[in-house]
Structures are given as C-alpha cells and as structure tokens.
Amino acid sequence: MGLLTIFATTVAVTLLIHLVPGDPVQIMYAQSQGTTPEQLEAIRHSLGLDQPIVFQYLHFLGRLLHGDLGYTIRGHQAVLDVVLQRLPNTIALAVTALAIAVAIGLPMGFAAAYWQGSLLDAGLMILSIGGIAIPSFWLGLMLMLFFAVDLGWLPVSGTGPLNILLPAFTLGLSNAAIVARMTRSSMIDVMSQDFVRTAEAKGLPRSTILVHHVLRAGLVPVVTMLGLQFAFMMGGAVVVENIFAWNGVGRMAVDAIFQRDYPLIQGFILSFTVVVVFVSILLDTVYALIDPRIRRS
Amino acid sequence: MDRRIGLWAQRIALAGLLGATASVASARDIIWARYGDIDSLDPQRATSTLSLQVWSLIYNTLLATDKDGKPVPNMAKSWTSNADGTQYTFKLHKGMTCSDGSTLDASDVKYTVDRALDPKAPSVTKASWGPIEKVEVLDPLTVRFDLSKPFVALIPFLADSFSSIICKSNKDKPGFGTTAAIGSGPWIFKSWTKGDEIVLKKNPNYVNYGKLAQNKGAPYMDGLTIKVIPDPQARLAALKTGEVDIAEPPPDDVPAIKKSGKLKLVVAQNTGQNVFWEFAVHRPPFNDKRARLAVGYATDAASAVSLIYGDLTHQEECPVSKGTFGNDPAFCKKYRPGYDPAKAKALLKEMGYGPGHPLETNMLVWTGGNRDKLAEVFQAQLAEVGIKAHIQMMDIGTMNARVKQENNTKTGIGSMDMMTWSWYDPDILYALWHSPGAYDGFTSPELDKMLEQTRVLTDPKARAEKVHEVFKYLLENGVQIPLYSPGWEWVFAVRPDVTGFHVAPFVYPIFNDVKIAAAD
C-alpha cells in the first residue's frame with residue numbers, strides 16, 4: 001500500500017511539473033547572452049530533456065531501482081545528497097512542531113472536555129478557532145518581530161538549535177488548536193459511553209476513570225489525526241522555512257519548482273512521500289499500543 | 001490579499017524600527033544576506049546574478065570596470081590589439097598567486113579560456129568569449145588571443161566575472177564548483193552549505209590592481225559570510241537585530257528606513273539592467289508598428305516609476321542602460337516614443353480602434369519587487385488612450401517561456417511584456433534581436449546587418465555610430481521601448497556601524513573597504 005502511494009505520487013508529480021510552461025534549460029539560460037541556441041539544445045540533450053515525458057519518467061524509475069536519484073540540473077549535484085542534507089532539518093522542524101502542538105493542544109482539549117460547557121471551555125475553544133484561523137506567514141512574522149527583534153531572545157533566521165524554536169512554534173501553535181478541538185470532541189464522545197458509566201457506577205475514583213478509561217480510548221482518533229498532521233506540517237514547513245530561512249527540503253522544493261529542476265523535484269516528492277508513509281505505518285503500530293481492541297483485531 | 005500583506009509589512013516595519021536593536025559582537029565577519037543561493041562556484045557553469053556576485057569575490061578578472069562601466073586594466077596591466085581586431089595581447093602583473101599558494105600566470109589564463117571553449121563541455125557562456133581560435137602563452141606574463149574575426153565585445157566581457165580566471169590547480173581538485181574553488185580574488189572560499197550560506201575568509205595576499213576598491217591590499221575584515229534569507233521582512237528583521245550587516249530591504253520599507261535613519265541605504269549605479277516593453281509581433285495587433293508605438297506614447301514611465309520606487313530608479317531612454325557602451329539619453333530621446341497620449345490615440349484611431357472597440361492585450365510581468373503595483377499604473381495609463389491590458393504576473397522563468405510561446409502563436413489577443421535584461425555591452429541587442437532572436441520575436445534583414453557590424457567595428461567612434469543606428473531602428477519601429485533602469489535587487493540596506501560598503505557597476509558589491517566598528 002505504502003509503495004503504491006509512493007509510486008502514484010511520483011507519476012502525478014512528473015506529469016504536473018511538465019504542464020507548467022518552460023523547461024529548466026530555458027529558464028536557467030534564457031537570460032544569458034552568451035549561450036547559443038545550439039548549446040541549449042546540446043544541454044537539453046545531455047539531460048535527456050528532449051525525450052518524451054514517458055521515457056524521462058521510465059529512465060527516472062530505472063535509476064531509482066539502483067538507488068540513484070540522478071543529478072540536479074542547476075549545479076550538477078547528486079539529488080540524493082542535496083535532499084539528505086536538508087531532509088533532517090525539515091523532519092526536526094516537523095517533529096518539534098508536533099511536540100509543541102501536542103504539549104499545548106492535548107491538555108487544552110482535555111481541560112475543555114472535562115469542564116465541558118463552562119466558561120473555560122468556551123474560552124479555550126474560541127482561542128483555538130483563532131489559532132486555526134491565523135495564517136502561518138503572519139504568525140511567523142509576528143513571533144519574529146516580538147521574540148527576535150523586540151526582545152532579542154531568539155535569532156531571526158537561519159538553521160541551528162536555537163533557530164528552530166520560532167519556526168517550530170509558528171507551525172506548532174496553529175496545529176495545537178486543531179489538536180485541542182479534536183481531543184475535546186473525542187473525550188466528550190468517550191465520556192458518554194457505557195463503559196465509562198459502568199466505571200462510575202463501580203465507584204472508581206474520577207481520576208482513575210479519566211486516565212485509564214477515557215484518555216486511553218479518546219486518544220485513538222487523536223493519534224490518527226496526528227499522523228495526518230505530521231504530513232501537513234511537512235507541507236506547512238514550505239511557508240515557514242521560507243520565512244525563517246530554515247534550510248529544509250520545503251524551501252529547496254520551492255526553488256526547484258521555480259527553476260524546473262525536475263530531478264530535484266522528483267527527489268523531493270519521493271523523500272517526502274517516503275517519510276509520510278513511514279510515519280503513517282509507525283502510527284498504526286502506536287494505535288495498537290494505546291488501544292488493546294485494535295491489537296486483538 | 002496582497003494589500004493586506006503589504007499593510008502588515010508596514011506595521012511590522014514600523015514596530016520593528018521602534019524596537020530595540022541588539023548590540024553587535026566585536027571582531028567578526030561581515031554578514032551579507034541575499035534572497036537566494038548560487039547555482040555553482042564554477043564560473044563557467046551558471047549565469048545568475050547571485051552566482052556572478054560570489055564569483056567576483058573569489059576570482060579575479062583580466063580587466064576590471066571603472067565607475068562608469070568602462071573596461072580598465074586589472075590582472076592584465078595592459079593590452080594591445082592588431083589593426084583588424086583579431087589579435088589581443090595581454091601583459092600580466094608579476095607575482096600574482098592563487099588562493100592555494102600556487103603562482104598565477106599566463107598559463108592559468110590559457111587554462112581558463114581553453115576550458116570555456118572545450119568542445120566536450122563548453123562554458124554556458126561560450127558565445128560571449130567570441131570567435132577565439134587559440135590562446136597562446138608567449139611568456140609567463142604575456143598571453144595572446146587569436147580570433148577568427150573581430151569581436152569587440154570581448155574586452156568588456158573580460159572585465160566581467162563571467163570570465164573569472166580559474167587557477168589551473170583546480171583541475172585536479174575533486175568537487176571543483178561545489179566544495180572547492182581556487183581563485184585569486186579578495187576572498188578565499190571556505191565552505192558552501194547549499195541553500196544556507198557561503199563562508200569566505202580574506203585573501204591576505206590579495207593585491208588590488210584595478211577593481212573599484214580604495215583599499216589596494218587585502219580586505220580589512222577577516223571574513224565574509226553570505227547567507228540566504230528568502231523572506232524580505234526576515235532580512236529586514238535580521239538587519240535590525242544585527243544578525244546581518246548588509247541586505248536588500250523590502251521595497252515597501254525603503255521610505256520608512258530612510259526616514260528612521262537607523263540603516264544606511266546604498267543604491268547601485270550603472271547596473272546594466274534595463275526594463276522594457278516588447279511585443280508578440282507575428283500577429284495582430286502588434287505586427288503593426290503603429291500599435292507598438294501607441295503603447296510607447298501612452299506609457300509615462302517617468303511618473304510610474306517615481307510613484308512606485310521614488311527616486312530609486314529612473315526612466316531609461318535607450319535600449320541599453322546607463323553605464324553601457326553607446327548609452328546616450330539625448331540621442332535616444334529623439335527617437336523614443338515619448339509620453340504623448342494624443343499621438344497614441346491618433347495612431348489607434350488610424351488602426352480602427354476607438355471608444356467601444358479598445359485594443360486588447362495581455363501584459364506579462366514578472367513577480368517581485370513591487371512590479372505588480374507598477375503594472376497597475378501602466379495598465380491605467382494604457383486605459384487612458386483606449387488600450388485594454390490584462391496583467392498577468394508570473395515568475396521570470398515562466399515569463400521567458402511564455403514570451404517565446406506568444407511569438408509562435410498566431411491567434412488570440414495581443415501580447416506585450418515587461419522584459420528585463422542585464423549586460424555590460426550593447427552586444428546584448430545582438431542576442432535579443434539578431435535572427436532568430438532570443439524569443440523568436442522581431443527580426444529583420446536590415447537590423448541583422450547593423451547588429452553584425454556592431455560586433456566587428458574596432459574603432460570605438462565608428463562602433464558607437466553603428467550602435468546608435470541600431471537604437472534608432474529599435475525605437476522608431478517600437479521593437480523595444482525602454483522603461484526604466486535599474487530594475488531589481490539594486491538597493492542595499494547597511495547597518496550603521498558598517499563603513500566602506502559600495503557597489504561597482506553591474507551590481508557587484510565590493511567588500512574590500514568594509515570596516516565594522518567594534519561594539520562598546
């Protein structure tokens with residue numbers, strides 16, 4: 001299933017990128033006075049760009065089976081090296097952002113569910129709607145302005161251990177809002193179920209019921225969503241990486257698309273899909289740990 | 001949406017200017033932030049301005065340009081050519097060294113040119129070297145270029161970083177272009193993290209023979225780091241906190257920066273950049289010269305650019321910009337269709353257009369640098385005379401492809417575009433308009449002939465006359481209607497503690513004179 005997803009994505013991307021006008025050679029040298037038309041043709045030929053898309057794709061697949069992702073059109077560097085140099089940065093950003101989203105969203109959602117209908121519940125949910133509605137480019141600039149420019153606590157941009165905080169919070173905060181809402185509705189759902197009522201009837205302490213029964217069962221849908229959110233965050237990283245000059249694959253992909261660097265775009269999509277598929281599989285295993293019912297089936 | 005972002009950008013800028021500026025650490029490198037990264041460290045493998053600027057720091061060139069853009073001696077202390085312009089002899093300075101300590105002499109020059117013309121893997125700017133047949137080392141300090149026919153654009157080319165002299169010791173270096181680059185420029189290459197930063201340290205042996213720096217020796221600062229910060233607001237924020245010393249500010253913030261006086265602005269002169277109208281000439285309406293001229297008469301470039309960019313850029317009268325050989329505003333003004341709406345209306349009427357029947361066209365404009373706003377002003381100016389222009393914004397790569405496509409399309413409404421090129425010699429007009437043309441656009445046998453002449457006339461006066469003939473032809477026929485110059489990334493914001501930063505012609509920043517005051 002995972003492999004099929006990866007395969008389908010590479011096909012879709014190859015087709016889509018060729019629909020955009022302009023080929024990489026034209027874009028790279030269109031404004032170079034010293035490149036002759038014959039030279040452009042020769043460069044195109046050496047890159048295999050004069051072949052039909054199907055052949056180009058098959059060629060890509062053929063090399064892929066040998067673990068070779070080809071070379072970037074700009075600068076002629078191994079695509080695998082270029083991607084691997086930056087993929088860890090994006091994963092680190094997405095993981096940190098996810099941790100922030102969970103650390104903030106989960107207690108918020110849980111509290112809102114616990115005191116359902118209270119003023120606190122209403123307040124938290126209004127806050128979370130705000131969180132969802134705020135666009136990340138705006139939030140990012142505001143955080144940068146406040147924490148880096150005004151307070152001078154954090155660096156404005158770049159790639160490093162301290163530099164990760166601002167982009168991770170930018171990505172994490174809006175996702176925390178989603179986690180909070182999801183946790184709340186899931187918890188409320190579980191709280192009204194029969195087994196909770198039975199536990200209450202047995203006279204178990206409320207804290208035991210919440211931690212052992214409600215939280216565990218209520219977490220399953222939340223974890224499912226976290227998997228999806230991880231994929232969204234990898235995608236959202238494109239915007240945030242640009243704002244904070246975080247040297248990840250998202251920013252690389254944007255440049256590659258503008259330059260029509262086909263091998264690099266394919267390499268990006270492939271690595272991206274592999275990470276997302278891998279995370280989904282990982283989460284499937286986590287469900288089983290949380291919810292014994294899934295393990296049994 | 002754009003307006004909203006702009007508004008917020010202004011608020012952010014204002015708030016930021018009020019905010020505290022962090023203190024700067026003493027004894028450190030110069031940090032220069034740009035919007036993008038280089039393509040390669042190999043001067044024969046890329047063509048972007050971002051790459052060129054970095055090559056100019058690592059490598060040196062045979063000749064250099066003075067502040068007016070004219071070629072002057074540099075590594076070559078003198079040069080001579082034979083009467084018919086097919087042989088150039090260069091005398092080199094004695095005692096030059098490469099950054100790895102090896103001697104730099106005529107053989108390195110030969111290595112560079114041979115490599116550029118290598119039939120197996122020629123330089124991507126091979127044609128700019130001209131018809132060089134062979135390069136001969138006459139003695140270690142004398143090198144001769146033999147050409148099959150005259151090519152006068154060679155001299156300005158040798159002053160540009162496209163012709164950077166590559167030390168022959170690079171030959172055996174694995175990773176030349178990505179992890180290694182041995183040159184003889186003011187800075188020595190240390191490392192390149194793709195997409196993030198390029199780290200350079202000063203070349204202690206550097207001698208400045210002809211580059212536009214006052215400092216005749218090695219740079220004052222120990223190092224120079226070139227960072228990639230794509231977002232303009234982030235660059236501005238980094239300037240304010242002192243993370244960055246020099247960067248291009250967001251255009252909308254320039255007035256606020258000027259007003260606050262907290263950052264200095266350096267505006268590049270003689271950039272060689274030119275922005276102009278051109279048209280899809282193989283179908284109506286722009287196959288008719290009257291339609292092209294009508295656009296010219298309807299366009300008030302001077303007030304449009306002043307409205308959007310203030311005094312940062314100016315209307316350009318000639319097909320090549322100020323600082324480029326042949327540029328002569330007084331001459332061009334005589335032939336350029338200047339702002340005259342009545343004339344535009346009359347031409348349109350003659351063609352059968354009028355109220356209720358406007359001339360309809362797409363207007364292609366490349367994104368960034370507030371050009372969307374500029375396009376709206378032009379759109380309004382064209383509407384005044386009855387031209388209905390539909391603005392289409394796209395990235396420069398897409399636009400290049402679209403222009404070519406439009407020139408090969410026979411049907412549909414008209415197409416005009418705000419094109420831009422940057423070059424150090426009027427030979428650019430050859431690339432643009434000599435058949436088949438850069439975009440399969442306008443060509444004609446008489447123009448071809450004139451353009452060919454501009455390449456071979458060795459007498460500067462005779463060449464200037466021929467170049468002017470080309471200007472006259474292009475302007476009178478509405479082939480290329482100059483709009484303004486410079487066109488992009490020509491404004492630098494500099495922190496107050498940085499002194500000595502300036503920009504040479506053709507947007508080459510010079511860091512040799514830079515000093516950064518130590519913090520208290």
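What is the order of the strands in the open sheet of 6 strands in chain B? The order is β14-β18-β13-β17-β15-β16, with mixed pairing. Strands (E, at least two residues) and helices (H or I, at least four) are DSSP runs, numbered from the N terminus. Two strands pair if DSSP finds at least two bridges between them. β14 (314–315) and β16 (387–394) of chain B stand at the edges; each has a single partner strand, so one side of each lacks a neighbour in the sheet. β14(B) and β18 (residues 481–485) of chain B run antiparallel and are joined by 2 bridges. His314(B) has Ser485(B) of β18(B) as its bridge partner. Helix α12(B) packs on this sheet and touches β15 (359–366), β16 and β17 (414–422) of chain B. The direction of α12(B) makes about 145° with that of β15(B).

The model is predicted: local features need pLDDT of at least 70, side-chain atom pairs count only at pLDDT 80 or more, and totals for chains, interfaces and linings use all residues. Residues are numbered from 1 along each chain as its sequence is written, while chains are lettered from A and ligands numbered from 1 in the order in which they are written.

The contact between the chains takes 45 residues from chain B and 44 residues from chain A. Contact requires C-beta atoms, placed from the backbone, to lie within 7 Å. On the side of chain B, the elements giving two or more residues are α1 (2–18), β10 (223–228), α5, α12 (396–407) and α13 (428–433).

Helix α5 of chain B (residues 232–241) is mostly covered, with 9 of its 10 residues buried. A buried residue has 20 or more other C-beta atoms within 10 Å of its own. Among those buried are Arg235(B), Leu236(B) and Lys240(B). Gly242(B) follows α5(B) and has a positive phi, near 90°.

In chain A, the axes of α5 (residues 79–114) and α6 (residues 119–133) come within 8 Å and cross at roughly 145°. Axes are lines fitted to C-alpha atoms, for helices over the stretch in contact; angles run from 0 to 180 degrees between N-to-C directions. Met108(A), Ala111(A) and Ala112(A) of α5(A) make the contact with α6(A) residues Leu120(A), Asp121(A), Leu124(A), Met125(A) and Ser128(A).

Domain bounds in chain B come from an automatic or database domain assignment. The centres of domain 1 and domain 2 of chain B, taken over C-alpha atoms, are separated by 26 Å. Here 16 residues of domain 1 are in contact with 23 residues of domain 2.

How values were computed: A residue is buried if 20 or more other C-beta atoms lie within 10 Å of its own, exposed if 12 or fewer, and partly exposed in between; C-beta atoms are placed from the backbone. Two residues are in contact if their C-beta atoms, placed from the backbone, lie within 7 Å.
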